[in-house]
Amino acid sequence: MSNEAKPETLGFQAEVKQLLHLMVHSLYSNKEIFLRELISNASDAADKLRFESMQDPTLLEDDADLRIRINCDPEAGTIAVSDNGIGMSREDVIANLGTIAKSGTAEFLSALGGDQQKDARLIGQFGVGFYSSFIVAERVEVFSRRAGLGAAEGVHWASTGDGSFTVESIDRAERGTTIVLHLKKDDREFSDQNRVRMLVRKYSDHIGFPVQMRAAGETADAEFETINESTALWTLPKNEISDDDYTDFYKHISHDFEAPLAWSHNRVEGKRDYVSLLYIPSRAPFDLWNREAPRGVKLYAQRVFIMDQAEQFLPLFLRFVRGIVDSSDLSLNVSREILQQDSGVEAMRSALTRRVLGMLERLASDEPDKYRQFWNEFGAVLKEGIVEEPGQHDAIAPLLRFASTAEDGDAQTRSLQDYVEAMSADQTKIYYVFGESDGAARNSPHLEIFRDKGVEVLVLADRIDEIMISHLAEFDGKPFQDVARGELDLGDTASDKEHADEPPNDLLEKIQKALGDRVAGVRRTGRLIESPACLVVGENEPSAQLRRMLEAAGQSLPASAPTLEVNLDHPLLARMATEESASRLDDLSLLLFEQARLAEGGLPEDPAGFVKRLNHLLLDMTEGRKVWTPA
Ligand code: ADP
């Protein structure tokens, strides 16, 4: 032990303290996961060493057989997990085991609320890792030495998990890391050799390194024996792999403790030979909406780990996919830059994209309940694919799901295929309505005629929907049509509502005059049954919602006025037709326009003026139509 190395006490980053506290309380019923997490970390450390040793073989020292060892000591109440992988320096230990580097951690933590089940799920989405040791341990010690550093540069870390840890330099002959858990009194079962053996077989059978233990009851000088299969799962033939194997392997690579929804394992021989094993998680990760968050597959070349989060193999809209890609003809010293320029990688990317979309298609047709869960978690991300990958429309469009007026509730369960199959013979378009929320969209006055005629309308309320639909343009040869846009054409079904050949209406002209250039025109409508008026945007104009969204994001759009469509059968219009006072008719016209804006989620241009006009009219009503003027 080097004498000048004083133990140093350091505080955990605030987020770690919080995470530790919450984890210990909410994961208690999943406590055995700590073992899988420690073995995964050990396996990653061995992967990293193998990779680095290709550049610098001296890192292997004289200990080239990479393995993980577990020591149980029931008398001392400890379990220790050791690896001869890459190891950590003193700085590594302080950074890795004292802080959390993931961005968005604070937001994640603030979403945890003390409901044990919900929190456990959220923590699962976050990934637990090393800190899960504290679920079962009252004290954790880490002994480590980074490969390539001298024996005097070992490090010892220790903590009871409540706020601080100590670090101290030590002598350590062996490269790699040993993690010793001093188990809580109630968790001594994890120092039982047989219990741990079973857990390793259950959870860690198919990681790529041997996990070794001594036989139960054997003393410290007994030989270690390998207790897992220790062949990387993806290298096995499919018929030798059970669903449980696939699930456990997923948990290893993802640090998720829920089972995946689906997976696809393929060996491809062609221009590029590779194996891929891709998974769809059952929950969205906490940072799904952070487009900068790390994503991508684990990349191997000829079974040697190359890098985590190789994002070049899948498009951004499939960022929720987890898995591995093992290529036989990538060079072992490939870098992210090289991957970016490699045309073979580009070809793999489109093949893997098709693979994932094919897997989703199968899930949708064979396991609709699971697909519904997929859609709830990731549907909004999949929609980005319509915008980002025009080449994949045919594969993505059938996977889309929508809320619809054909169904109650706001669940997105209707496919475009469902819609098209339910269309009547004379319907030529796929109708949709936008709203800021599902409820707002469903209350749109534009839906009145559709409801009346029994024509289904898709209800779109996600932010991305309008942009997505504009990229999609059509499905099965049927164009999409916004119900609030352009002249209404419901084919024969609504022709009785069309009045194009009627003589110009005096009232319409008066309303137009009152509104001036607020509107592009005023016309009689066939759309409305209950409402007096609605606004309609031009065929090529952005909708009111999109306009508000873009303007809120700081974009300025060329001004364009909507058309006011009025329902002449409505009693309010009948009343207006008999209004003698020109100023009252102006007020009523403005109110008509303003309420049409409100109905689609907008605000009157001049809210105070609107309120004043409204109050005038209310008083007229209550005072028997006496005109009231403020004192
Ligand atoms: P994660 O594995 O998700 O990054 P952890 O909290 O489990 O999070 O670990 C944090 C970091 O500590 C790891 O990224 C790794 O750099 C380091 N680490 C953990 N265990 C080991 C180990 N056995 N050998 C080397 N480094 C390790």
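## Close-up views of a predicted model

View 1. Residues are numbered from 1 along each chain as its sequence is written, and side-chain values use heavy atoms, with hydrogens and water left out.

**View 2. Side chains of D83 and N96 also reach the ligand.** D83 puts a polar side-chain atom 2.9 Å from a ligand nitrogen. For N96, an N or O atom of the side chain is 3.2 Å from a ligand oxygen (a polar contact is a pair of N or O atoms within 3.5 Å).

**View 3. The shell around the ligand is N41, A45, D83, M88, N96, L97, G129, F130 and T177.** By type, the shell splits into four nonpolar, four polar and one charged residue (Ala, Val, Leu, Ile, Met, Phe, Trp, Tyr, Cys and Pro are nonpolar, Asp, Glu, Lys and Arg charged, the others, Gly among them, polar).

**View 4. Strand β14 (residues 322-327) is mostly covered.** Five of its six residues are buried (under 20% relative accessible area; exposed is over 50%, partly exposed in between, with a 1.4 Å probe and protein chains only). Strand β11 (residues 274-280) runs antiparallel to β14, joined by six bridges, with L277 opposite I324. Strand β12 (residues 297-301) pairs with β14 in the parallel sense over four bridges, and here L299 faces V325. Strands pair if DSSP finds at least two bridges between them; helices (H or I, at least four residues) and strands (E, at least two) are DSSP runs, numbered from the N terminus.

**View 5. Q309 has a positive phi, near 50°, without being a glycine.** You'll find Q309 in strand β13 (residues 304-310). Its relative accessible area is 37%, so Q309 is partly exposed.

**View 6. A473 is another non-glycine residue with a positive phi, about 65°.** A473 lies in the loop between α16 (465-472) and β18 (474-475). At 43% relative accessibility, A473 counts as partly exposed.

How values were computed: Predicted model: local features only at pLDDT ≥ 70, side-chain atom pairs only at ≥ 80, totals over all residues. Near = heavy atom within 4 Å. Polar contact = N/O pair within 3.5 Å; in protein donor to acceptor, adjacent residues only side chain to side chain.
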